[in-house]
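Biologist: I'd like to learn how to read a model like this one. Could you walk me through it?

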Amino acid sequence: MQRYVVHWGEMGSRWGLNRSVAQMHALLYLSPEPLHADEIAATLGIARSNVSVGLKELLSWNLVQVTQTLGDRRDFFVAQCDPWEVVRIIVEGRKRRELDPTVEFLKKCADELESDGETPAYVKEQITGQLEFMQTLMGWYESIKGLPRKTLLKMMRMGQRIARIIGD
């Protein structure tokens, strides 16, 4: 469990998430029972104030939920434990925070390039090519994100076979 929490923290920092926030998520993900902030702070050896900030971030991502325990006034936290849902939440959040603004930026660039006579043709092709790629990627994502889990799993398992059928 400790190795998992440490590794998840390392991976989180590579994904742009604070290491302690990722460790909190890992701890809650592995916990069979909801935990309160003091338990999280004590287990991970981090300041209670950092736990509060981290839990707010995890709540904003919808990766954890607040729950109550009868007879206890404290908030308890439980992680989304369905791995498919965790990945879906993370992918959707990153798309919204990173890819959507990039596509909007590229659209503005492409619009400005239409009337720009000074920018070299190669640069225009690079920017419009990147926009086309990003729009294709986003269109693909939008078309598959609503598919039933069973269908997505079949598609994932068929990946190489689909590539062979479609060919070059």
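**Strands, pockets and a loop**

Modeller: Let's start with a pair of residues: Gln65 stands opposite Val78 in strand 3. Keep in mind that this is a predicted model.

Biologist: How many bridges join strand 2 to strand 3?

Modeller: Five bridges hold strand 2 (residues 64-69) and strand 3 (residues 72-79) together, and the two run antiparallel. They form a hairpin with two residues between the strands.

Biologist: And which residue in that hairpin takes a positive phi?

Modeller: That's Gly71, with a phi near 85°.

Biologist: What classes of residue line the largest pocket?

Modeller: Its lining counts 14 nonpolar and six charged residues, with no polar ones.

Biologist: What volume does the second largest pocket have?

Modeller: About 180 Å³. There, 13 residues make up the lining, and Trp15, Leu17, Trp61, Ile90 and Arg94 are the closest to the centre.

Biologist: Which helix gives the most to the lining of the second largest pocket?

Modeller: Helix 5 does, with four residues. Helix 2 (19-30) also supplies at least two residues of that lining. By class, you'll find seven nonpolar, two polar and four charged residues around the second largest pocket.

Biologist: Now a single residue. Where does Asn62 lie?

Modeller: You'll find Asn62 in the loop between helix 4 (48-60) and strand 2. To read its surroundings, set aside residues up to four places away in sequence; Asn62 then touches Gln80 and Ile89.

Biologist: How far apart are Asn62 and Ile40 in space?

Modeller: From C-alpha to C-alpha they are 18 Å apart, and in sequence 22 residues separate Asn62 and Ile40.

Conventions:
Residues are numbered from 1 along each chain as its sequence is written. This is a predicted model: local features need pLDDT of at least 70, side-chain atom pairs count only at pLDDT 80 or more; totals for chains, interfaces and linings use all residues. Side-chain values use heavy atoms; hydrogens and water are left out. Two strands pair if DSSP finds at least two bridges between them. Ala, Val, Leu, Ile, Met, Phe, Trp, Tyr, Cys and Pro count as nonpolar, Asp, Glu, Lys and Arg as charged, and the others, Gly among them, as polar. On a 1 Å grid over the protein atoms alone, a cavity is a set of points where a 1.4 Å probe fits but cannot get out, and a pocket is an open set with protein on both sides within 12 Å along at least five of seven lines; lining residues have an atom within 4 Å of a point. Grid points are joined across faces, edges and corners, and a volume is the space filled by probe spheres set on the points. Contact means heavy atoms within 4.5 Å.
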